Amino acid sequence: MTISLISNTTVKVALNNDDMKKYNIEFAQINQSSYASRQFLIKLLDEICDSNNIDLTHEKLYIEAFKRDDGCLLYISIGGEKFKSKEKLFCEMIYEFDDLSPMISVSTRLWDMYSHLIRSSELYCSERNYRLIVKAFSKADKKLSNALNEYGVLSGTGEIIAAATREHYSPVIAKNAIEILASIR
């Protein structure tokens with residue numbers, strides 16, 4: 001089992017098949033409201049808290065599970081009112097594109113109109129598509145989303161989807177992707 005702190009509110013846990021056997025859990029049971037899944041999560045949270053010196057037991061949690069051939073991947077984030085009350089300065093938006101051409105077009109548009117609102121951008125690819133991660137000021141996300149929605153499809157927002165993209169997709173442009181794509185014109 002590998003535990004990684006992604007941020008002060010999110011933990012990534014990679015469990016292999018042996019770890020799953022150790023906890024006596026199958027992937028299909030994780031999202032069920034059963035005794036087995038509750039026991040698994042309690043044991044897992046205790047181990048996370050002990051090994052990383054953090055306390056996840058007094059907050060509402062958001063848990064996202066992904067099946068892998070060799071086990072599963074869990075993202076555990078703190079939720080609830082305490083988490084919601086913190087206004088985030090930046091947000092990460094992840095958009096998918098089937099082709100480079102629309103991505104170059106939207107990058108040109110974003111760079112010309114909203115470069116001052118974009119904190120960073122990264123480009124990743126898989127065998128079937130591209131993913132563009134745009135980190136922008138939270139108050140600007142609607143302006144940027146309106147432009148991006150015309151060219152691509154929103155895969156999601158936030159640290160969890162961005163981290164999953166970074167892990168499962170191959171990097172193409174690690175920094176300033178929008179600026180670099182806009183310069184291709």
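Select helix 5 and helix 6: their crossing is right-handed, meaning that the near helix is turned clockwise from the far one by less than a right angle. This is a predicted model, where local features need pLDDT of at least 70, side-chain atom pairs count only at pLDDT 80 or more, and totals for chains, interfaces and linings use all residues. Residues are numbered from 1 along each chain as its sequence is written, and side-chain values use heavy atoms, leaving out hydrogens and water.

**Stop 1: the helix pair**

Now show the side chains: Pro102, Ser105, Val106, Arg109, Leu110 and Tyr114 in helix 5 meet Lys143, Leu144, Ala147, Leu148, Glu150 and Tyr151 in helix 6, with contact meaning heavy atoms within 4.5 Å. By class, this contact has eight nonpolar, one polar and three charged residues.

**Stop 2: Ser37**

Next, pick Ser37 in helix 3 (residues 35-52). Is Ser37 buried or exposed? Ser37 counts as buried because its relative accessibility is 2%, and buried means under 20% (1.4 Å probe, protein chains only). Beyond neighbours within four places in sequence, Ser37 is in contact with Ile25, Gln29, Ile30 and Gln32.

**Stop 3: confidence**

Finally, colour by pLDDT, the predictor's confidence in each residue, from 0 to 100. Confidence is lowest in helix 4 (residues 80-85), at a mean of 46, and highest in strand 9 (residues 170-173), at 96. Where pLDDT is low, the predicted coordinates should not be read in detail.

Key. Helix = DSSP H or I, 4+ residues; strand = E, 2+ residues; numbered from the N terminus. Nonpolar A, V, L, I, M, F, W, Y, C, P; charged D, E, K, R; others polar. Buried < 20%, exposed > 50% of the residue type's maximum accessible area, 1.4 Å probe, protein only.
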